[in-house]
Amino acid sequence: MRLPKPIVIGNWKMNGRRADAIARIEALLVELRRAPGRGTLGVCPPATLLTVVDQLLGVGEMLLGGQDCSSEPQGAHTGDLSADMLKDAGCQAVIVGHSERRQGHGESDAVVRAKAEAAFAAGLMPILCIGETEAQWTAGQTLDILDRQLDGSLPAGAAADTLIVAYEPVWAIGTGRTPSRDDILRTHAHLRRRVGDLALLYGGSVKGGNAREILAVPEVDGALVGGASLDAKEFWAIYTAGQGAG
Ligand code: PEP
């Protein structure tokens, strides 16, 4: 199913205990049930909190995603989680290729593609992250790097109802810095020519204060939000900013 836009997805990363998750989701549900809006709100909690969050959500109220999955379906892979396990825990989506996995865990484009294919096989929607480093940005290599990452990690057969692409400049993640509106416009216009009608999210230091401008950029279908998604009020402000921006 194609997700209604704007698509605003929170990546909680390695943060939170059960009580944090319950408080955050309950606060979001109060807002959603009062004014659901026209888009898609989603969260990607740590694996330990997926079931807790799933149990709080009514059917279709929010998108639930994992933060990573194995490329393998099962077996002797200590510490890993298969896409099917995430599906069984209530997920509809999973982030693959986040820069913190590419850099911190040495994941190549080929590995990321295999993970996206594993997600497809389990019936999950991969949220495929791509993005250039600061050095690549400064050297003017952004579009080449994105092309290379898409060539290497976008699985064959990806369609608008099966996969989301998230453009996340590595230098903008968690730094409070963002590309200019014109830079986001140029990059997303390029990506649009590459990926057709796949949903295209921007990620990197999206906050309540800059969400309206970013989400109003043509070809930006939503946002992948890290730090600001840990604060329900701030995260909700991003979602509502997107309501008026499209
Ligand atoms: C992210 O890690 O996906 C991200 C966008 O983080 P932040 O919003 O904190 O920059």
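Let's start with Lys 13, which sits in the loop between S1 and helix H1 (18-34). Keep in mind that this is a predicted model. Lys 13 is not a glycine, yet its phi is positive, at about 50 degrees.

- As background, most residues other than glycine have a negative phi, and most peptide bonds are trans.
- Like Lys 13 with its positive phi, Ser 205 is a residue other than glycine with a positive value, near 60 degrees.
- You'll find Ser 205 in the loop between S7 and helix H9 (211-215).
- Ser 205 has a relative accessible area of 8%, and because buried means under 20%, Ser 205 counts as buried.
- Lys 5 and Pro 6 are joined by a cis peptide bond, with omega at about 0 degrees.
- Pro 6 belongs to the segment before strand S1 (7-11).

**Around the ligand**

- His 98 uses its side chain here: one of its N or O atoms is 2.7 Å from an oxygen atom of the ligand.
- Gly 174 works through its backbone, with a polar atom 2.6 Å from an oxygen atom of the ligand.
- Gly 227 also brings in its backbone, where an N or O atom lies 2.8 Å from an oxygen atom of the ligand.
- How much of the ligand does the protein bury? Taken alone, the ligand exposes 290 Å², and the protein buries 98% of that.

- Asn 11 is in strand S1.
- Is Asn 11 buried or exposed? Its relative accessibility is 4%, so Asn 11 counts as buried.
- The side chain of Asn 11 reaches the backbone nitrogen of Lys 13 at 3.0 Å.
- Setting aside residues up to four places away in sequence, Asn 11 touches Cys 44, Gln 67, Ile 95, His 98, Leu 224, Val 225, Gly 226 and Ser 229. That list includes His 98, whose side chain has the 2.7 Å approach to the ligand.

- Ser 229 lies in the loop between strand S8 (222-225) and helix H10 (232-245).
- With a relative accessible area of 0%, Ser 229 is buried.
- A polar atom of the Ser 229 side chain lies 3.3 Å from the backbone oxygen of Val 225.
- Beyond its neighbours within four places in sequence, Ser 229 is in contact with Gly 10, Asn 11, Trp 12, Arg 24 and Phe 235.

**Ala 232 in helix H10**

- Ala 232 is found in helix H10.
- At 15% relative accessibility, Ala 232 counts as buried, because the limit is under 20%.
- Which residues does Ala 232 touch, not counting residues up to four places away in sequence? They are Arg 24, Ala 27 and Leu 28.
- Ala 232 and Arg 24 are 208 residues apart along the chain, but their C-alpha atoms are separated by 5.5 Å.
- Arg 24 is also one of the contacts of Ser 229.

**Aromatic pairs**

- How many aromatic pairs does the structure hold? There are 3.
- One of them is Tyr 167 with Tyr 202, an edge-to-face pair at 6.2 Å centre to centre, with 65 degrees between the planes.
- This pair links distant parts of the chain: Tyr 167 is in strand S6 (residues 164-167) and Tyr 202 is in strand S7 (residues 199-203), 35 residues apart.
- Tyr 167 is buried at a relative accessible area of 1%, and Tyr 202 counts as buried at 0%.
- Trp 236 and Tyr 239 both lie in helix H10, 3 residues apart, or about one turn of the helix.
- Both Trp 236 and Tyr 239 are buried.

Conventions: Residues numbered from 1 in each chain as written. Predicted model: local features only at pLDDT ≥ 70, side-chain atom pairs only at ≥ 80, totals over all residues. Heavy atoms only, no water. Helix = DSSP H or I, 4+ residues; strand = E, 2+ residues; numbered from the N terminus. Buried < 20%, exposed > 50% of the residue type's maximum accessible area, 1.4 Å probe, protein only. Polar contact = N/O pair within 3.5 Å; in protein donor to acceptor, adjacent residues only side chain to side chain. Contact = heavy atoms within 4.5 Å. Areas by Shrake-Rupley, 256 points an atom, 1.4 Å probe, with all protein chains shown as cover. Phe/Tyr/Trp six-rings, centres within 6.5 Å; stacked < 30°, edge-to-face > 60°.
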